[in-house]
Amino acid sequence: LVSKFLRTKIKFCAEFGKMNMVSEILDTDKILIDPNDIHTRISIKVYNALFYFYHKKYKIAIDCLSELQNEFVFKDYFHEFLNIKITLLYSYLIVGDVEKGQACIKMLTRRIKMEGREEYNHVIYLLKLVDLDLNKEPSSKNHIKKRDLFTLFLANNNSENNFEVASHLIPDLKNRFYI
């Protein structure tokens, strides 16, 4: 429940322009949580990274997400791994770090295909979209292609099948790719 609340709070505030309601960083040392509840600890760290991201402190958000990857092993948590990597990838896109962004895209594409995760094929659409945006070749053809890829991603990215990823980024992605 904690992770669902934290993610939906960020998504709600971003969607309705109320990021001022997300006003503080959560310190795991100062709040009462079960130290063995890894999922909650990860959710709090992702929340903190998103706090920095939506307050336009992208470098700090990238550092938080990178630290999170080093602290926990996500071998058995593929869905959470994807959420973190996609958030990191989008942060690279915002900052303009093309090299790290393309490396992240290649790694994610390879990992999804290698593990035979057909339920995450919609993520491939998002990865192609970000790759197009990283290349920064502005043309009307690319704009239409980006919009189509984003529509395909959104159409298949739903919570009904429990394979919804990057829901916390959807409002920002819509602003970037639907205009």
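Helices, taken as DSSP runs of H or I with at least four residues, are numbered from the N terminus, as are strands, which are E runs of at least two residues. With that convention, Asp34 is placed in the loop between helix H1 (2-15) and helix H2 (38-54). The model is a predicted one, in which local features need pLDDT of at least 70, side-chain atom pairs count only at pLDDT 80 or more, and totals for chains, interfaces and linings use all residues. Residues are numbered from 1 along each chain as its sequence is written, and side-chain values use heavy atoms, with hydrogens and water left out.

Between Lys18 and Thr40, which are 22 residues apart in sequence, the C-alpha to C-alpha distance is 24 Å. When residues up to four places away in sequence are not counted, Lys18 touches Phe12 and Cys13, contact meaning heavy atoms within 4.5 Å.

Lys56, with a phi of about 60°, is found in the loop between H2 and H3 and counts as exposed at 62% relative accessibility. Ala166, with a phi of about 55°, has its place in the loop between H7 and H8 and counts as buried at 0% relative accessibility.

The packing of the helices is described through axes, which are lines fitted to C-alpha atoms, for helices over the stretch in contact, with angles running from 0 to 180 degrees between N-to-C directions. Helix H5 (residues 98-114) and helix H6 (residues 121-135) pack at an angle of about 160°, and their axes are 10 Å apart. This angle makes H5 roughly antiparallel to H6, given that angles under 35 degrees count as roughly parallel, over 145 as roughly antiparallel, 65 to 115 as roughly perpendicular and the rest as oblique. On the H5 side the contact includes Val98, Gly101, Gln102 and Ile105, and on the H6 side the residues include Asn121, Val123, Ile124 and Leu127. By class, the contact of H5 with H6 has nine nonpolar, five polar and one charged residues, where Ala, Val, Leu, Ile, Met, Phe, Trp, Tyr, Cys and Pro count as nonpolar, Asp, Glu, Lys and Arg as charged, and the others, Gly among them, as polar.

Helix H8 takes part in two further pairings. The axes of helix H4 (residues 78-95) and helix H8 (residues 170-177) come within 12 Å and cross at roughly 40°, which makes H4 oblique to H8. This crossing of H4 and H8 is left-handed, and in it Tyr90, Leu93 and Ile94 of H4 meet Asp172, Leu173, Arg176 and Phe177 of H8. The contact of H4 with H8 has five nonpolar, no polar and two charged residues. The axes of H7 and H8, in turn, come within 10 Å and cross at roughly 155°, and the two helices are therefore roughly antiparallel to each other. The crossing of H7 and H8 is left-handed, with Lys146, Arg147, Phe150, Phe153 and Leu154 of H7 in contact with Ile170, Leu173, Lys174 and Phe177 of H8.

A nonpolar core is a set of buried Ala, Val, Leu, Ile, Met, Phe, Trp, Tyr and Cys residues joined through side-chain atoms within 4.5 Å. The largest such core has 54 residues, and those with the most contacts inside it are Leu82, Ile86, Ile112, Val123, Leu127, Leu169 and Leu173. At least two residues of this core are supplied by each of H1, H2, helix H3 (58-71), H4, H5, H6, helix H7 (140-156) and H8. Ile112 touches residues that include Phe78, Leu82, Tyr120, Val123 and Leu127, not counting residues up to four places away in sequence. Ser91, which lies in helix H4, counts as buried at 0% relative accessibility and, with the sequence neighbours up to four places away not counted, touches Phe53 and Ile62.

Conventions: A crossing is left-handed if the near helix is turned anticlockwise from the far one by less than a right angle, and right-handed if clockwise. Buried means under 20% relative accessible area, exposed over 50%, partly exposed in between (1.4 Å probe, protein chains only).
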